[in-house]
Amino acid sequence: MTTATAPATATTPVTVTKIGGRIGARIDGVRLGGDLDAAAVADIRAALLAHKVVFFRGQEHLDEAGHEAFAQLLGTPVAHPTVPSADGRYALGIDSHHGARANQWHTDVTFVPAYPAFSILRAVTIPPYGGNTLWANTAAAYDHLPEPLRALADGLRAVHSNEYDYAALRPDALPEALAQYREVFTSTTFLTEHPVVRVHPETGERTLLLGNFVQRISGLTGRDSRLLLDLFQAHIESPENTIRHQWQAGDVAIWDNRATQHYGVDDSDDHERTLRRVTVDGDVPVGPDGVPSRLISPETVPEPGFGIASGASTAAA
Ligand SMILES: [Fe+2]
C-alpha cells in the first residue's frame, strides 16, 4: 500500500477572477453543495459582496436538494411569497414554457420589505442561442451619480408592488397565459414603501433601490415620478455598470440582491430555457436617514404553500 502524502484536510484553492470593471467575477475551484467547507463559503461571500454577481461553471452535479443545501450555507432559504415552487421545496422554476419571463430590469421580490439578500440561479436547460442574463451594480450606479442627484435620491422613497401591467410587457403573449400567470403571481397584492437609497447592511455602501416593481415615488405626481424614475433607472442600466452572462447548462450565478438589478433577455424564440432559483432571506432596508422600509398592505406577509415567505424569518420593522 502506498502512503497518501496529501493531508486529509487539503482543499482546492478558490480563485476569484474579476471579469467586469464595475461588476462580476468568475469563481473556480469550487464544487457547490451543502458540504462545502467554511473557508470556501467565506471566500464566496466576500467575492459576492465585492463583485455583486459571481459565476460558477460545471456545477451539473447539483439537484434541487443540493442547490438548497448550498443556499443554507449563505442564510435561510425562503419561498416566493406567491409563486408555488417547482418541486415543493424552495427552488423557484424559471421556465420559458410557463409564461414567466424576466425581461425587465428588477431586483427580486422588492414588493415585500425584507426581500431576499441573495439569489442563486442554476441553469438546467439552455437554448442553443440567446437567453442571456444581465446584471447591474446599484451601488456603483449611486456612486457615479453627480452629487446633486445623489442628494436628491437620498431623500426619496418609492412604493413597490407585484401588481403591474403584464400585458404591456408581453404584448405577444396569449391572453389566457397572461391571465393565468398574473392570477398566481398577484394572488396577494403587496404594496411596500422602500427608501430609494438603501444603505447596504453588510458593506455600508449606498445603493439605488428601484426596478420594475416600483409604482411611483412617494409624494410626487405621476409625471414627476416617472421622470425621476427614468432618470435614476438610466444610470443603473448604463452599459458600463452591467455585465452579461451567456449560460451553459450546469452554470450557477449568485448575486447580491441588495446591490443589483438583473434582466433576462427574451431572445431564444421557442427554445426551452429552464433554470432554478433559490433565494436567501434578507433584512428590512433602511435609508440614509435610518428610516426602515414599511409594508403598506396587506398587514402581514402571508405564509406561502411551502416554507416561509421572504422576510418572514426576520423581524419586520
Ligand atoms: Fe429575477
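Visitor: What share of the contacts with a separation of 6 or more comes from residues 24 or more positions apart?
Guide: In this predicted model, such residues account for 84% of those contacts in the protein. A contact here means heavy atoms within 4.5 Å.

Visitor: What makes H106, D108 and H262 donors of the iron ion?
Guide: The cut-off for a donor atom is 2.8 Å from the metal. NE2 of H106, OD of D108 and NE2 of H262 lie 2.2 Å from the iron ion, so they count as donors under that cut-off. Water is not among the atoms, so the site may look incomplete.

Visitor: How are the donor residues spaced in sequence?
Guide: The spacing is H-x1-D-x153-H. H106 sits in the loop between β5 (92-95) and β6 (118-125), and H262 in strand β15 (residues 260-264). The two are 156 residues apart, and the pair links distant parts of the chain.

Visitor: Are H106 and H262 buried or exposed?
Guide: Both are buried, which means under 20% relative accessible area. Buried residues make up 49% of the 317 residues in the protein.

Visitor: Why are β12 and β17 said to stand at the edges of their sheet?
Guide: The sheet is open and antiparallel, with four strands in the order β12-β8-β9-β17. β12 (214-217) and β17 (294-297) each have a single partner strand, so one side of each lacks a neighbour in the sheet.

Visitor: How do you know that β8 and β12 pair?
Guide: Pairing requires at least two bridges. β8 (residues 157-161) and β12 share three bridges in the antiparallel sense, so they qualify as a pair. In β12, R216 is the bridge partner of V159.

Key
Residues numbered from 1 in each chain as written. Predicted model: local features only at pLDDT ≥ 70, side-chain atom pairs only at ≥ 80, totals over all residues. Heavy atoms only, no water. Donors = N, O, S within 2.8 Å, 3.2 Å for Na, K, Ca; no water. Buried < 20%, exposed > 50% of the residue type's maximum accessible area, 1.4 Å probe, protein only.
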